[in-house]
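Subject: Structure handover

Hello,

Here is the structure for you to take over. My notes on it follow below.

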Amino acid sequence: MNRTLTRAVVTTAALGLALTSAPAVAGPGTHPSTAVATATNTNAPIKVKLTVQGPDGLLFKGKVRTKGHHVTPATGGSYKCDGTNGGAHPSAVPTPTAALDDAARKRGFSWDGTWYPSFEDYFVESVKNVSGGGVAYWNISVNGVPTPVGGCQFKLNAGDQVAFTWTAF
Ligand code: B12
């Protein structure tokens with residue numbers, strides 16, 4: 001084997017090793033249900049079921065057509081909310097907080113949140129003017145499981161059940 005051929009073989013072998021040992025999905029915010037979704041990540045609009053459960057009953061329940069986009073909470077400060085937040089996903093995807101924002105715009109209710117640059121995400125403070133009031137917070141769950149990351153980092157899939165639930169500490 002001549003030197004050029006030897007280098008080509010070694011390079012190919014090294015590349016193959018690197019590719020086979022690469023994780024299916026890298027970065028924070030990866031959820032087991034999205035572990036193989038990287039190649040099919042898309043920000044095409046999807047329909048999800050959204051529930052907003054307040055301390056005194058349902059504040060919203062319905063299907064929402066949504067995709068990742070910039071959102072603007074009641075007190076202002078528009079930031080992206082498309083799953084690329086915090087490097088969670090390589091390209092834009094639908095997210096829970098974008099779905100909440102879409103429902104709020106369509107149904108004419110407000111939501112508010114504080115932007116944390118460290119997470120590149122919103123901490124959702126209130127929905128329909130209902131806040132945690134120091135005794136509770138708005139929990140974000142998808143398909144019954146609390147998201148391990150904020151609502152602008154988590155990738156939604158069509159048909160997902162998204163819940164913002166007023167939850168006492
Ligand atoms: C305490 C805490 C909370 C408390 C905060 C209020 C309180 N009474 O203290 C409560 C229970 C409300 C909470 C809620 C959530 N949390 Co929390 N929380 C923490 C924790 C354990 C400590 C934060 C802290 O006190 N830091 C010290 C203070 C001095 O720094 P600080 O910057 O002022 O802290 C504030 C922020 O961290 C903010 N905060 C808390 N959680 C979250 C989540 C997001 C997405 C954002 C933007 C801000 C934020 O509240 C803190 C107090 O004011 C961290 C883990 C950690 N070790 O950091 C997770 C952590 C920050 N939380 C996390 C998550 C995912 C959430 C939720 C999204 C869970 C859910 N699915 O509902 C929700 C937020 C939902 C929403 N409404 O937007 C993740 C964020 C990861 C990420 N990349 O987004 C962390 C890192 C835990 C983890 N999974 O590793 N949380």
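Thr51 has Lys61 of strand E2 as its bridge partner. E1 and E2 run antiparallel and are joined by nine bridges. Two strands count as paired if DSSP finds at least two bridges between them; strands (E, at least two residues) and helices (H or I, at least four) are DSSP runs numbered from the N terminus.

The model is predicted: local features need pLDDT of at least 70 and side-chain atom pairs count only at pLDDT 80 or more, while totals for chains, interfaces and linings use all residues. Residues are numbered from 1 along each chain as its sequence is written.

Confidence and overall layout

pLDDT is the predictor's confidence in each residue, from 0 to 100. Its mean over the protein chain is 84, and 76% of the residues reach 70 or more. Residues 1-39 stay under 50, and the model has 26 contacts beyond four places in sequence for them. Where pLDDT is low, the predicted coordinates should not be read in detail. A contact here is a pair of residues whose C-beta atoms, placed from the backbone, lie within 7 Å.

The protein chain has two helices and ten strands, in the sequence pattern α-β-β-β-β-α-β-β-β-β-β-β. Of contacts between residues at least 6 apart in sequence, 62% join residues at least 24 apart.

The sheet

E1 and E2 belong to an open sheet of five strands, in the order E2-E1-E10-E8-E9 and with mixed pairing. E2 and E9 are at the edges with a single partner strand each, so one side of each has no neighbour in the sheet. E8 (residues 136-142) and E10 (residues 161-168) are antiparallel, with seven bridges; Ile140 is paired with Phe164 in E10. On to E9 (residues 145-146), E8 makes two bridges, again antiparallel, and Val142 stands opposite Val145. E8 and E9 form a hairpin with two residues between them, and Asn143 in the turn has a positive phi of about 55°.

The core

A nonpolar core is a set of buried Ala, Val, Leu, Ile, Met, Phe, Trp, Tyr and Cys residues joined through C-beta atoms within 7 Å. The largest one has 27 residues, and Leu50, Ala99, Leu100, Val162 and Phe164 have the most contacts inside it. Two or more residues each come from E1 (46-54), helix H2 (96-107), E6 (121-127), E8 and E10. H2 gives the most, with five. Leaving aside neighbours within four places in sequence, Ala99 touches residues including Val48, Leu50, Pro94 and Val162.

Gly68

Gly68 is in the loop between E2 (57-66) and E3 (69-71). Gly68 counts as buried because it has 26 C-beta neighbours inside 10 Å. Pro94 is 26 residues away in sequence, but its C-alpha is 4.1 Å from that of Gly68.

The ligand

Of the 20 residues around the ligand (C-beta, placed from the backbone, within 6 Å), Phe123, Val124, Tyr137, Val149 and Gly150 come nearest. E6 and E8 are the elements that give two or more residues to this shell.

Regards

Key
A residue is buried if 20 or more other C-beta atoms lie within 10 Å of its own, exposed if 12 or fewer, and partly exposed in between; C-beta atoms are placed from the backbone. Two residues are in contact if their C-beta atoms, placed from the backbone, lie within 7 Å.
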